[in-house]
Amino acid sequence: MKKITWIITIIILLLIIFCISLWQYKTFKNDKLEVMCKNSVNAALEHFEKYEANKGESDYIAGVAEFRTYMTAYLCLEAESNTDYIWCNTLYGYMILNPEKVKLHIPELLDALEYLSEDYDHPNGFNLINALNNQLKTK
């Protein structure tokens with residue numbers, strides 16, 4: 001009887017340790033993704049601000065790359081929030097396929113990125129991205 005009690009106790013302890021390890025891993029992984037989101041959206045904001053000031057093509061390209069990094073990290077964090085990702089992906093498509101249109105709307109892009117730099121999941125940032133997509137679609 002003592003053997004069975006010890007075996008059950010050990011199994012329960014191993015399960016508890018396993019569950020705690022999984023929880024810590026998920027928390028650690030999400031923390032890294034949040035940092036990646038914040039850093040990449042801030043870097044995109046900086047590059048697009050530099051582009052607005054200097055009109056340097058390399059700043060535009062770097063801003064687009066950082067925006068893409070933000071999108072990827074955001075999708076990993078918020079997999080169920082597909083609408084926001086779709087709006088970002090649509091804007092990214094315009095950035096790649098029709099950069100001249102996007103370059104005319106850098107101030108609107110900066111407004112959206114300002115909100116997202118405060119909070120990578122800010123609804124106003126996504127609403128501004130959607131509004132920008134609508135402007136780019138009509139022109």
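## Accessibility and cysteines in a predicted model

Asn130 is partly exposed in this predicted model, where its relative accessible area comes to 22%. The residue belongs to helix α6, which covers residues 123-138. Although Asn130 and Thr90 stand 40 residues apart along the chain, a distance of 8.7 Å separates their C-alpha atoms.

Turning to helix α1, which covers residues 2-54, one finds Ile12 within it. Ile12 has a relative accessibility of 45% and therefore counts as partly exposed. Together with Ile4, Ile8 and Ile16, Ile12 makes a nonpolar surface patch of about 360 Å².

How many disulfides does a search of the whole structure find? The search, which takes in the whole structure, returns 0 disulfides. Cys37 takes part in no disulfide, and the nearest cysteine sulfur to its own, that of Cys76, lies 8.6 Å away. For Cys88, the closest cysteine sulfur is in Cys37, at 9.7 Å, which is too far for a bond, because a disulfide requires a pair of cysteine sulfur atoms within 2.5 Å.

Are Cys37 and Cys88 buried or exposed? Cys37 is buried, with a relative accessible area of 0%, and Cys88 is likewise buried, at 1%.

The relative accessible areas of the residues discussed are set out here.

| Residue | Relative accessible area | State |
|---|---|---|
| Cys37 | 0% | buried |
| Cys88 | 1% | buried |
| Asn130 | 22% | partly exposed |
| Ile12 | 45% | partly exposed |

How values were computed: Residues numbered from 1 in each chain as written. Predicted model: local features only at pLDDT ≥ 70, side-chain atom pairs only at ≥ 80, totals over all residues. Heavy atoms only, no water. Buried < 20%, exposed > 50% of the residue type's maximum accessible area, 1.4 Å probe, protein only. Patch = residues over 30% accessible without salt bridge, like charges linked within 9 Å, V, L, I, M, F, W, Y side chains within 5 Å. Areas by Shrake-Rupley, 256 points an atom, 1.4 Å probe, with all protein chains shown as cover. Salt bridge = Lys/Arg side-chain N within 4 Å of Asp/Glu carboxyl O. Helix = DSSP H or I, 4+ residues; strand = E, 2+ residues; numbered from the N terminus.
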